[in-house]
Amino acid sequence: MIRVNGVERPGPTSVRLLLSDYVRHELGLTGTHVGCEHGVCGCCTVLLDGRPVRSCLMLAVQAGRHEVTTIEGLAGEGELHPIQRAFHECHALQCGFCTPGFVLAVAGLLAKHPHPSETEIDEGISGNLCRCTGYASIRRAVQRAAELTG
Amino acid sequence: MKPPPFEYHAPSTVAEALDLLATLEDAKVLAGGQSLIPLLNFRLASPAHLVDINGIAELDYIQERDGGVAIGAGARQSDVEEDKTVRRICPLLAQALGQVAHPVIRNRGTVCGSLAHADPAAELPAVLLAAGGEVVARSVRGERRIAAEDFFKGVFDSALRPDELLVEAWFPATPGPVALVEESRRHGDFALAGAVRSGDRLALFGVAPTPVLADPADPTRGLTPSGDLEATPAFRLHLVEVLVRKAFAS
């Protein structure tokens, strides 16, 4: 069994299944996006015991000992998490493909630095690629999210 | 599925892991997986067995020992980076970890895994070499300590034997001036070239099949770096000169 978004789910059908493919194909949680599948783009970021990790660089079977949070589990049904609200307010997304990964990376960043400096923001989102907005509005969203959560 | 077929083993003690490594043919140790899983996804590696050491609680430690810090094979890079003992005793290691990939990768990657992976362009092997550290390799046959100078053998190649597990890395105190300077095309990428200073000692990375010790007064002597799409050999030599000057300017 694997605990995903607070619910015990049956483990993966194969030990070869990546965590990213497990949450998408076996649990139907398609908010976790899959871009490069080798740890470069950051789109597949999920929280493992509250810390952001790449779900394409982990086997699903390894998550059995941990609590996994995907973008679907960040806020309650029909609600926006303050980070999601900040991204919305600051127009920090365009096509949205990278957004779940960014939001969860920022969740990890703010957990560590509730009031991040500009350098800490850049470092915190440095592992995530966005190919349409550029990063200025995403940086602003991180600052706004810090205000909303702080 | 991306990774090729393998049999998965998840021992919960070091003894179990060593038994598996002693008996299985073509087994690979899976630690943080931040290098091994991409290799599997690309099918550049296809070991018959994966021995996952993430469930071995006894390997998850960071301890002050023998005038340095001992890092267990389970310790995540981000935890080592923020550890107060590491910051106090071996600031070079803490500083270097800030330049290893990205925070999200460091949440999962391990220090010992990076050393065992022995990527010639990676920071941590060069830090171990500059600091004069060593690793502890254990197998059912016993335990041996291997100095950094004797550990890195070639590109992705170390002195570890197939039945050995790198259980610990030991970094001595780095009380003198320290620096890690590198040049990469994008922040977080592997470096085109890099220099690590610990007091008067200098190690270079990205410019030879392994990290190498060099003379700060003449750092490019004997170096014949390879060229690729991102940097020619001459440019890498130029970078070494500049980076070493920066490292020793402070």
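This report walks through a few features of chains A and B in a predicted model.

Residues are numbered from 1 along each chain as its sequence is written, while chains are lettered from A and ligands numbered from 1 in the order in which they are written. Since the model is predicted, local features need pLDDT of at least 70 and side-chain atom pairs count only at pLDDT 80 or more, whereas totals for chains, interfaces and linings use all residues.

**Two domains in chain A**

Chain A splits into domain 1 (2–73) and domain 2 (82–149), with bounds taken from an automatic or database domain assignment. Their centres, taken over C-alpha atoms, sit 20 Å apart. Across the divide, 14 residues of domain 1 are in contact with 13 residues of domain 2 (contact: C-beta atoms, placed from the backbone, within 7 Å). On the domain 1 side, the elements giving two or more residues are E3 and strand E4 (51–54) of chain A; helices (H or I, at least four residues) and strands (E, at least two) are DSSP runs, numbered from the N terminus. E3(A) provides the largest share, three residues. By type, that side has seven nonpolar, six polar and one charged (nonpolar: Ala, Val, Leu, Ile, Met, Phe, Trp, Tyr, Cys and Pro; charged: Asp, Glu, Lys and Arg; polar: the others, Gly among them).

H1 (19–26) of chain A has A:Leu19, A:Ser20, A:Asp21, A:Tyr22 and A:Val23 buried (buried: 20 or more other C-beta atoms within 10 Å of the residue's own; exposed: 12 or fewer; partly exposed: in between; C-beta atoms are placed from the backbone). The buried residues of H1(A) pack against strand E1 (2–4) and strand E3 (45–48) of chain A. Just after the helix, A:Gly28 takes a positive phi of about 70°.

A:Val15 lies in the loop between strand E2 (7–9) and H1 in chain A. A:Val15 counts as buried because 20 other C-beta atoms lie within 10 Å. Leaving out residues up to four places away in sequence, A:Val15 touches A:Leu59, A:Val61 and B:Tyr8. A:Gln62 is 47 residues from A:Val15 in sequence, yet their C-alpha atoms are 8.8 Å apart.

**Strand E10 in chain B**

Seven of the eight residues of E10(B) (residues 165–172) are buried, so the strand is largely enclosed by the rest of the structure. Two strands pair with E10(B), as tabulated here (pairing: at least two DSSP bridges between the strands).

| Strand of chain B | Sense with E10(B) | Bridges |
|---|---|---|
| E5 (residues 68–72) | antiparallel | five bridges |
| E6 (residues 134–139) | antiparallel | five bridges |

Within these pairings, B:Ala70 has B:Trp170 as its bridge partner, and B:Val136 stands opposite B:Glu168.

Key. Contact = placed C-beta atoms within 7 Å.
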